[in-house]
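Welcome! Take a moment with the sequence and the structure, then read on.

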Amino acid sequence: MELCYGLFIGGATALLRTPVVSLFVTGPSAQAVVELGTRYLGAMAVFYLLPAFTNGFQGYFRGMGRLGVTLLGTLIQTSLRVVFTMLLAPRLGILGIAFACAGGLRHAAGGGAAVPFADAGPGRRGVKNGACPPAAKRRQRRGRPPGTGR
């Protein structure tokens, strides 16, 4: 599903980048701004696959009740985007900002900060420090131990 989302958003951005940017500028320098904006959105259209997969990782950890993992991942990827922007924008211009976004998003799409936190504990998948995700709580109420099937 994330792949379909990324392809749809990326495709729509690639196809509609010039009309969308043109909506926001008028005047004598509009053509130069539209050209810069379409170059940026053209690069970002390709990179929209990365946040599509990021949504899947964040949704998983949110569903497990591990909001700290998603918060940490977001803070790290945002920090990386700032650092990459400072390094790339002076050299590549507006495309440097697009590549900086891709650098931060690549971290998040790869699981990023979530990877060290993925193991929730010995023999208790998804359970840490006695806190159970909703599905494990339901199994416990039904008399089944966490980590067992339906």
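## A first look

Gln58 is buried, with a relative accessible area of 15%. This residue belongs to helix H3, and it makes a handy starting point for a tour of the model, which is predicted.

**The overall picture**

- The protein is built with 6 helices and 0 strands.
- Of the 150 residues in the protein, 30% are buried.
- If we take the contacts between residues at least 6 apart in sequence, 59% of them join residues at least 24 apart.

**Gln58 and its surroundings**

- Which residues does Gln58 touch, leaving aside those up to four places away in sequence? They are Thr70 and Thr74.
- With Thr74 there is also a polar contact, side chain to side chain, at 3.2 Å.
- Gln58 counts as buried because its relative accessible area of 15% falls under the 20% cut-off.

**Helix H3 against helix H4**

- Helix H3 covers residues 49-63 and helix H4 covers residues 67-92.
- Their axes come within 7 Å and cross at roughly 150°.
- That angle is over 145 degrees, so H3 and H4 are roughly antiparallel to each other.
- On the H3 side, the contact is made by Gln58, Phe61 and Arg62; on the H4 side, Leu67, Val69, Thr70 and Thr74 take part.
- Sorted by class, the residues of this contact of H3 with H4 are 3 nonpolar, 3 polar and 1 charged.

**Val69, a residue of H4**

- Val69 has its place in helix H4.
- Is Val69 buried or exposed? It counts as buried, at 7% relative accessibility.
- Val69 and Phe57 lie 12 residues apart in sequence, and their C-alpha atoms are 10.0 Å apart in space.

**Helix H1 against helix H3**

- Helix H1 spans residues 2-22, and it packs with H3 at an angle of about 150°.
- The axes of H1 and H3 are 8 Å apart.
- With the cut-off for roughly antiparallel at over 145 degrees, H1 and H3 are therefore roughly antiparallel to each other.
- The crossing in which H1 passes H3 is right-handed.
- Which residues of H1 meet H3? Glu2, Leu3, Tyr5, Gly6 and Leu7 do so, and in H3 they meet Leu49, Ala52, Phe53, Asn55 and Gly56.
- By class, this contact of H1 with H3 has 6 nonpolar, 3 polar and 1 charged residues.

**Helix H1 against helix H2**

- H1 also packs with helix H2, which runs over residues 30-47.
- What is the angle at which H1 and H2 pack? It is about 170°, with the axes 9 Å apart.
- Since this angle is over 145 degrees, H1 and H2 are roughly antiparallel to each other.
- H1 brings Gly10, Thr13, Ala14, Arg17, Thr18, Val21 and Ser22 to the contact.
- H2 answers with Val33, Val34, Gly37, Thr38, Leu41, Gly42 and Ala45.
- The class make-up of the contact of H1 with H2 is 6 nonpolar, 7 polar and 1 charged residues.

Notes. Residues numbered from 1 in each chain as written. Predicted model: local features only at pLDDT ≥ 70, side-chain atom pairs only at ≥ 80, totals over all residues. Heavy atoms only, no water. Axes fitted to C-alpha atoms, helices over the stretch in contact; angles between N-to-C directions. Helix = DSSP H or I, 4+ residues; strand = E, 2+ residues; numbered from the N terminus. Parallel < 35°, antiparallel > 145°, perpendicular 65-115°, else oblique. Contact = heavy atoms within 4.5 Å. Nonpolar A, V, L, I, M, F, W, Y, C, P; charged D, E, K, R; others polar. Left-handed = near helix turned anticlockwise from the far one by under 90°. Buried < 20%, exposed > 50% of the residue type's maximum accessible area, 1.4 Å probe, protein only. Polar contact = N/O pair within 3.5 Å; in protein donor to acceptor, adjacent residues only side chain to side chain.
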